[in-house]
Amino acid sequence: MIIDILSWICLLAGGALGIIGGVGIYRFPDFYSRLHAAGITDTLCAMLILLGLGLQAGWGIAAFKLALIFVFLFFTSPTASHALANAALHSGLKPKLDMESRHD
Amino acid sequence: MIDTIINITLLAFLATTSVAIVRMTNLFAIVMLFGIFSLLSAGLFVVMDAPDVAFTEAAVGAGISTVLMLATLALTRNSSKTPYTEASPAHRPWLPLIVVAVTGAALVYGTWDIPSFGDPNAPAQTHVARYYIENSIVETGVPNMVTAVLASYRGFDTLGEVAVVYTAGVAVLLLIGGRRPKTAVKLKDKGEQDEA
Amino acid sequence: MKPNLILHVVAKFLIPLIIVFSLYVQFHGDFGPGGGFQAGVIFSAAFILYALVFGLDAAEKIIPSQWLHMLAALGLVLYAGVGVVTLLLGGNYLDYTVLGATQIAGQHLGILLVELGVGITVGAVMLIIFFAFAGRGRT
């Protein structure tokens with residue numbers, strides 16, 4: 001019962017984070033702030049959902065596989081954000097600064 | 001119930017993605033959307049209890065082919081940058097619209113006769129599928145029926161598929177393998193590939 | 001700090017995992033979803049990741065093109081060779097039953113070898129195509 005509640009909290013929080021990230025991508029003015037919105041929420045969103053699913057699955061091979069996916073995402077997701085930002089900066093995309101964005 | 005909701009959601013996403021692909025002009029974004037399309041299809045296959053197909057779709061469609069298409073884009077140029085303007089259509093859009101509508105109506109009419117998903121009396125299920133389901137574990141001892149059918153019952157078929165994959169690789173090598181022949185050394189390399 | 005330090009470290013951490021996963025998919029295909037096609041693609045994805053992060057030349061140093069050409073053919077030959085062996089042992093072409101003492105053992109061995117052939121060919125061909133496309137760009 002408690003596990004059910006915990007897992008539902010995790011799943012709902014994860015889903016909410018995903019939606020927040022999507023809203024952030026849609027609302028934010030430039031590439032870097034969008035990446036900021038997506039990159040941060042995305043990682044935690046996936047992890048919370050995996051945690052919720054793991055709590056539902058209980059101890060076993062399924063939970064172990066979910067843990068492996070967890071580890072994989074833990075490393076790849078921030079790295080992907082970093083690589084994306086790095087590549088954008090390299091190719092000369094300037095972050096939009098505060099003064100400019102006010103005019104939109 | 002929950003399957004229906006997931007199906008409808010995934011299909012809606014698929015439709016949205018395909019509309020976005022049609023309307024987009026940036027080729028890089030289109031390649032990314034193709035990857036998303038494949039991933040959504042993979043999710044749909046999982047809902048339909050076909051994890052093997054979903055696996056292949058996710059690995060090939062969303063993974064490798066995206067990389068290959070990006071590589072192709074890097075070779076060619078992003079067409080939105082070229083000074084190419086699309087010619088205005090030569091005729092009114094009514095004729096294509098009517099053709100598409102009629103074809104779509106015929107297809108929808110055709111779906112009424114298609115047996116429902118998982119119907120045991122469907123023509124596809126009555127021929128050899130029953131035999132595979134009943135005998136594959138006894139005859140091959142392999143729990144994954146897909147592997148048993150793929151590798152054992154239809155071994156010829158899979159041999160042909162592998163030959164197709166190999167032929168594709170050889171064809172790519174013959175067409176664009178070997179570096180740009182700036183030096184004659186590279187040409188020799190290409191000759192070796194021909195023998196292989 | 002080098003600009004790609006994070007990518008290098010994470011890629012070095014991930015590539016062995018991807019290869020292990022592809023081997024799992026390859027040899028666990030009898031029991032769960034997976035098989036030669038998927039495993040070959042995942043295996044090639046590991047090397048493609050290496051090529052993307054460390055550069056094409058480094059990747060070609062690890063797995064030279066000549067090897068790939070031979071591996072692509074080797075997989076197909078392995079597959080067809082299993083069929084020839086079953087012929088020689090008195091069965092039909094690709095009838096794995098004659099490979100083992102019992103029918104189950106024979107089928108198991110045959111499926112394993114055939115899937116291995118599929119995996120080798122698919123992985124090698126994917127890498128060949130990738131190297132051909134990516135290598136074309138440089139002059």
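The model is predicted. Chain A holds four helices and zero strands, and chain C holds five helices and zero strands. Between chain A and chain C about 750 Å² is buried, whereas between chain B and chain C the buried area is about 4200 Å².

**Chain A**

- The elements of chain A, read along the sequence, follow the pattern α-α-α-α.
- Chain A has 104 residues, of which 28% count as buried.
- Of the contacts in chain A between residues at least 6 apart in sequence, 72% join residues at least 24 apart.

**Chain C**

- From the N terminus on, chain C runs α-α-α-α-α.
- Buried residues account for 47% of the 139 residues in chain C.
- Among contacts in chain C with a separation of 6 or more, 59% are between residues 24 or more positions apart.
- Chain C exposes about 6100 Å², and carbon and sulfur atoms contribute 74% of that area.

**Interface of chain A and chain C**

- Nine residues from chain A and eight residues from chain C take part in the contact.
- Carbon and sulfur atoms give 78% of the area of about 750 Å² buried between chain A and chain C. On the chain A side, Phe75(A), Thr79(A) and His82(A) lose the most area to chain C, and together they make up 49% of what that side buries.
- By class, the side of chain A that touches chain C comprises three nonpolar, five polar and one charged residues.

**Interface of chain B and chain C**

- In this interface, 47 residues of chain B are in contact with 48 residues of chain C.
- The area buried between chain B and chain C is about 4200 Å², and carbon and sulfur atoms give 74% of it.
- Zero salt bridges are found by the rule across the interface of chain B and chain C, while eight residue pairs are in polar contact, both residues being at pLDDT 80 or more.
- The elements of chain B that give two or more residues to the side touching chain C are α3 (51-75), α6 (129-140), α7 (145-153), α8 (155-176) and α9 (184-195). The largest share of that side, 13 residues, comes from α8(B).
- By class, the residues of the side of chain B that touches chain C divide into 26 nonpolar, 13 polar and eight charged.

- Ser77(A) lies in helix α3 of chain A, which covers residues 61-90.
- Ser77(A) counts as buried because its relative accessibility is 10%, and the cut-off for buried is under 20%.
- Leaving aside residues up to four places away in sequence, Ser77(A) touches Asp42(A) and Thr43(A).
- The side chains of Ser77(A) and Asp42(A) are joined by a polar contact of 3.4 Å.

Methods. Residues numbered from 1 in each chain as written. Chains lettered and ligands numbered in written order. Predicted model: local features only at pLDDT ≥ 70, side-chain atom pairs only at ≥ 80, totals over all residues. Heavy atoms only, no water. Contact = heavy atoms within 4.5 Å. Buried area = accessible area lost by both parts, 1.4 Å probe. Nonpolar A, V, L, I, M, F, W, Y, C, P; charged D, E, K, R; others polar. Buried < 20%, exposed > 50% of the residue type's maximum accessible area, 1.4 Å probe, protein only. Areas by Shrake-Rupley, 256 points an atom, 1.4 Å probe, with all protein chains shown as cover. Salt bridge = Lys/Arg side-chain N within 4 Å of Asp/Glu carboxyl O. Polar contact = N/O pair within 3.5 Å; in protein donor to acceptor, adjacent residues only side chain to side chain.
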